[in-house]
Amino acid sequence: MSDKVLHCSHCGNKTLMKLVAEHELNDQDHIYERWSADPVHSFYWFSHWKLYLCPVCKNVSLIRLSGDSEDIGPRGEPIITETTLYPPYSIENKYIPTPVGTAFEAALKVRHLEGAVCVLALRRALEKLCKHEGAEGKDLFNKLKNLQDKGKLPPIMDDIAFILRIEGNSAAHADDVEFDTNTVNQLIDFTQTILDYMYTLPNKIKAAQTRIAEIAERDRELKSGAISGAAE
Ligand SMILES: [Zn+2]
């Protein structure tokens, strides 16, 4: 168990990282039958957490390796799943249209690297959203305003004016504009809120309504079953 070449999501470098801490957890469960003293089936699983330090930016990344005895390859070898627990940079994007979600994720990946690039990528995500929604207008501001007029977006034009003013400044001054972390975070929050409002929340509400309808339906079936059962 040693150092490893990893992609650092803090600084974007792919570099040899130092393993600074680790912890392993192994567990098992056995199923017994009355006729046998030995277990008829045994189940094993493990998690192995590794904390790596990036030599470039001095930030840590937490990786989890996990597997179990049910998930094995053709030669009986365990299939190991590797997950990056920290830093988080993926979004819950299963409801967001792919081009929009991909553009937004691209922006999140560079948020700690280059503020100006992140802001441009956010603008790209919003452009893709407008295209996907068939927004009309000569520029991004008017397209977003069009979505607001159609009732697809809440009244947020003041915020949109703000985001586009900042973005416009960067275009005017090209190289010498620096975006501080607060500004970048504000713009990310703004874009995230729009995506939640348009895609994630309506779909979550729909899913909750379907669940409630299913429960009500099951309840009705149980009650009618109980009534007809009582009548027999
Ligand atoms: Zn780094």
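Trainee: Which residue in E4 stands opposite phenylalanine 46?

Mentor: Quick caveat: this is a predicted model, so local features need pLDDT of at least 70, side-chain atom pairs count only at pLDDT 80 or more, and totals for chains, interfaces and linings use all residues. Residues are numbered from 1 along each chain as its sequence is written, and side-chain values use heavy atoms, leaving out hydrogens and water. E3 runs antiparallel to strand E4 (residues 60–68), joined to it by 9 bridges; strands are DSSP E runs of at least two residues, numbered from the N terminus. In E4, the residue opposite phenylalanine 46 is glycine 67.

Trainee: And what is the bridge partner of asparagine 26 in E3?

Mentor: E2 and E3 pair in the antiparallel sense over 13 bridges; to count as paired, two strands need at least two DSSP bridges between them. Within E3, asparagine 26 has as its bridge partner phenylalanine 46.

Trainee: Which strands are the edge strands of the sheet?

Mentor: The open sheet has 5 strands in the order E1-E2-E3-E4-E5, with antiparallel pairing. Two of them pair on one side only: strand E1 (4–7) and strand E5 (81–86).

Trainee: Where is the positive phi in the hairpin of E3 and E4, and how big is it?

Mentor: E3 and E4 have 6 residues between them in this hairpin. Look in the turn at lysine 58, whose phi is positive, at about 65°.

Trainee: Is threonine 15 buried or exposed, and what is its relative accessible area?

Mentor: Threonine 15 is found in strand E2. Leaving aside neighbours within four places in sequence, threonine 15 is in contact (heavy atoms within 4.5 Å) with Lys4, Val5, Leu6, Cys54, Pro55 and Val56. Buried means under 20% relative accessible area, exposed over 50%, partly exposed in between (1.4 Å probe, protein chains only). Threonine 15 therefore counts as buried, at 18%.

Trainee: What about tryptophan 35: what is its relative accessible area?

Mentor: Tryptophan 35 lies in the loop between strand E2 (14–31) and strand E3 (41–53). This residue is classed as exposed because its relative accessible area is 69%.

Trainee: Which residues of helix H3 are buried?

Mentor: H3 covers residues 140–149; helices are DSSP H or I runs of at least four residues. Just after H3, glycine 151 takes a positive phi of about 85°. Within the helix, the buried residues are Leu140, Leu144, Asn146, Leu147 and Gln148.
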